[in-house]
Amino acid sequence: MSPLRLCLVSPFAIDGAHPVAEHVRGAATALARSGHRVTVLAPSTSTRALRSGRRRLRALASGDTEALLALEGEPLQ
């Protein structure tokens, strides 16, 4: 089976201790270890993560369908 491109969405910050955030983080990590490309959309307190997210959304709006894919080796934050 070829790798899937997946997007998980959480209403809770992915670095938080909320059970939903912990589940999303665990699922994303397990899927990525299985070779899938996983992107997580979630709120963040990180200015860097928010800027990156905004850049990606602008790129997506301009037609760049790869904008929401996690970069190879990019940490889940």
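## Overall architecture

From the N terminus on, the elements of the protein run β-α-β-α. The protein thus described has two helices and two strands; helices (H or I, at least four residues) and strands (E, at least two) are DSSP runs, numbered from the N terminus. This is a predicted model, in which local features need pLDDT of at least 70 and side-chain atom pairs count only at pLDDT 80 or more, while totals for chains, interfaces and linings use all residues. Residues are numbered from 1 along each chain as its sequence is written, and side-chain values use heavy atoms, with hydrogens and water left out.

Of the 77 residues of the protein, 17% count as buried; buried means under 20% relative accessible area, exposed over 50%, and partly exposed in between (1.4 Å probe, protein chains only). Among contacts between residues at least 6 apart in sequence, 57% join residues at least 24 apart, where contact means heavy atoms within 4.5 Å.

## Confidence of the model

The mean pLDDT of the protein is 84, and 87% of its residues reach 70 or more; pLDDT is the predictor's confidence in each residue, from 0 to 100. Among the elements, α1 has the highest mean value (92) and strand β2 (residues 37-41) the lowest (84). Where pLDDT is low, the predicted coordinates should not be read in detail.

## The β-α-β unit

β1 and β2 pair in the parallel sense over five bridges; two strands pair if DSSP finds at least two bridges between them. Arg-5 has Arg-37 in β2 as its bridge partner, and Val-9 stands opposite Leu-41 in β2.

Together, β1, α1 and β2 make a right-handed β-α-β unit. A crossover is right-handed if, with the strands pointing away from the viewer, the path from the first strand over the helix to the second runs clockwise.

## The loop at Ser-10 and helix α1

Ser-10 lies in the loop between β1 (5-9) and α1 (19-33). The residue counts as buried because its relative accessible area is 4%. Not counting residues up to four places away in sequence, Ser-10 touches Val-20, Ala-21, Val-24, Leu-41, Ala-42 and Pro-43. A polar atom of the Ser-10 side chain also lies 2.9 Å from the backbone oxygen of Phe-12. A polar contact is a pair of N or O atoms within 3.5 Å; within protein, one must be able to donate a hydrogen and the other to accept it, and residues adjacent in sequence count only if both atoms are side-chain atoms.

Arg-25 has its place in helix α1. With a relative accessible area of 27%, Arg-25 is partly exposed. A polar atom of its side chain lies 3.3 Å from the backbone oxygen of Gly-16. Arg-25 and Ile-14 are eleven residues apart in sequence, and their C-alpha atoms are 6.4 Å apart in space.

## Helix α2 and the segment after it

Helix α2 (residues 47-61) has 15 residues and reaches 21 Å from its first C-alpha to its last, close to the 21 Å expected at 1.5 Å a residue. The expected span of a helix is 1.5 Å times one less than its number of residues. Just after α2, Gly-63 takes a positive phi of about 105°.

Ala-67 lies in the segment after α2 and counts as buried, because its relative accessibility is 8%. Ala-67 touches Arg-56, Ala-59 and Leu-60, not counting residues up to four places away in sequence. Between Ala-67 and Arg-55 there is a separation of twelve residues in sequence and of 8.5 Å in space, C-alpha to C-alpha.
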